[in-house]
Amino acid sequence: MTSTSKVIVSDSRYINDPELHLGKSLFYYMLVRASKAKLVFEAGTDRGFSAFAICRALQRNASEGIPGHLVTVDNQTDRGDMLEGDEDGSVTRMIGDSVEIVRAFDRPLDIFIHDTISEPAHMRAQLEALVPHLAPGAIVYSSWFTETFVDFCDRFGLTYLEVADKPLNHWYRGSRYGLAWFDRPSLPT
Ligand SMILES: C[S@@+](CC[C@H](N)C(=O)[O-])C[C@H]1O[C@@H](n2cnc3c(N)ncnc32)[C@H](O)[C@@H]1O
């Protein structure tokens with residue numbers, strides 16, 4: 001089913017445009033395709049727009065011989081109506097607090113998506129809980145490029161970028177995301 005036809009039949013059809021503007025979901029798609037991530041963790045599922053796009057990217061990677069999986073977490077039970085079950089095995093959905101779930105996680109994460117809330121204490125706790133679980137070369141994304149995000153990167157030595165999302169011909173004015181990673185150690189000469 002396409003993303004647009006999913007909106008038309010979903011519980012949220014009365015509050016979403018039937019024509020889907022992908023926005024940051026497209027950004028996630030490109031990130032997963034370009035990085036060939038094996039394990040993606042999304043904190044904040046909401047309706048599942050982003051999870052849907054990430055699953056499509058993972059499935060495309062799998063068709064090219066590089067399988068991967070998404071874990072998406074929300075602390076509300078009524079989320080994820082854009083997803084159909086486990087999307088052919090590409091996603092695991094969890095209900096709970098994303099900080100606690102990341103803290104207890106037992107596999108290395110290639111991409112972490114912080115898309116819960118921007119409240120500084122939560123964001124700080126979330127990012128700190130994440131550090132021991134990052135795979136070598138992992139990418140950390142935040143939907144909020146804030147002082148808390150920059151402080152976190154400076155404190156743990158991650159290189160970061162500010163990504164400007166500027167929609168064309170739309171009332172939504174866009175946003176600024178954060179993208180960070182540990183630099184690879186330089187090769188001995
Ligand atoms: C901005 S929405 C996520 C949007 C989604 N990633 C997308 O792009 O389609 C934020 C979601 O985070 C959830 N949330 C807020 N605090 C949370 C927490 N501490 N743990 C897990 N989920 C949380 C909210 O219930 C909400 O559904």
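Student: Why does Phe149 count as buried?

Tutor: Phe149 has 0% relative accessibility. Buried means under 20% relative accessible area, exposed means over 50%, and partly exposed lies in between, with a 1.4 Å probe and protein chains only. Phe149 at 0% therefore counts as buried. This is a predicted model, where local features need pLDDT of at least 70 and side-chain atom pairs count only at pLDDT 80 or more, while totals for chains, interfaces and linings use all residues. Residues are numbered from 1 along each chain as its sequence is written, and side-chain values use heavy atoms, leaving out hydrogens and water.

Student: What makes Phe145 partly exposed?

Tutor: Its relative accessible area is 22%. That value falls between the 20% and 50% limits, so Phe145 is partly exposed.

Student: Why is the pair of Phe27 and Tyr141 called tilted?

Tutor: Rings of Phe, Tyr and Trp (its six-membered ring) pair if their centres lie within 6.5 Å; planes under 30 degrees apart count as stacked, over 60 as edge-to-face and the rest as tilted. The centres of Phe27 and Tyr141 are 6.1 Å apart and the planes stand at 45°, so the pair is tilted. Phe145 and Phe149 also form a tilted pair, with 6.1 Å centre to centre and 55° between the planes.

Student: What does the pair of Phe27 and Tyr141 tie together?

Tutor: Phe27 lies in helix H2 and Tyr141 in strand S5 (residues 134-142), so the pair ties together parts that are 114 residues apart in sequence. Helices (H or I, at least four residues) and strands (E, at least two) are DSSP runs, numbered from the N terminus.

Student: How do you know that Thr72 makes a polar contact with Glu42?

Tutor: A polar contact is a pair of N or O atoms within 3.5 Å; within protein, one must be able to donate a hydrogen and the other to accept it, and residues adjacent in sequence count only if both atoms are side-chain atoms. The side chains of Thr72 and Glu42 make such a contact at 2.6 Å. Another, of 2.7 Å, joins the side chains of Thr72 and Thr45. Thr72 is in strand S2 and is buried, with a relative accessible area of 0%.

Student: Why are strands S3 and S6 said to stand at the edges?

Tutor: The open sheet has seven strands in the order S3-S2-S1-S4-S5-S7-S6, with mixed pairing. S3 (91-95) and S6 (159-165) each have a single partner strand, so one side of each is left without a neighbour in the sheet. Two strands pair if DSSP finds at least two bridges between them.

Student: What makes S1 and S2 a pair?

Tutor: Five bridges join S1 (residues 39-43) to S2 (residues 69-74), and at least two are needed.
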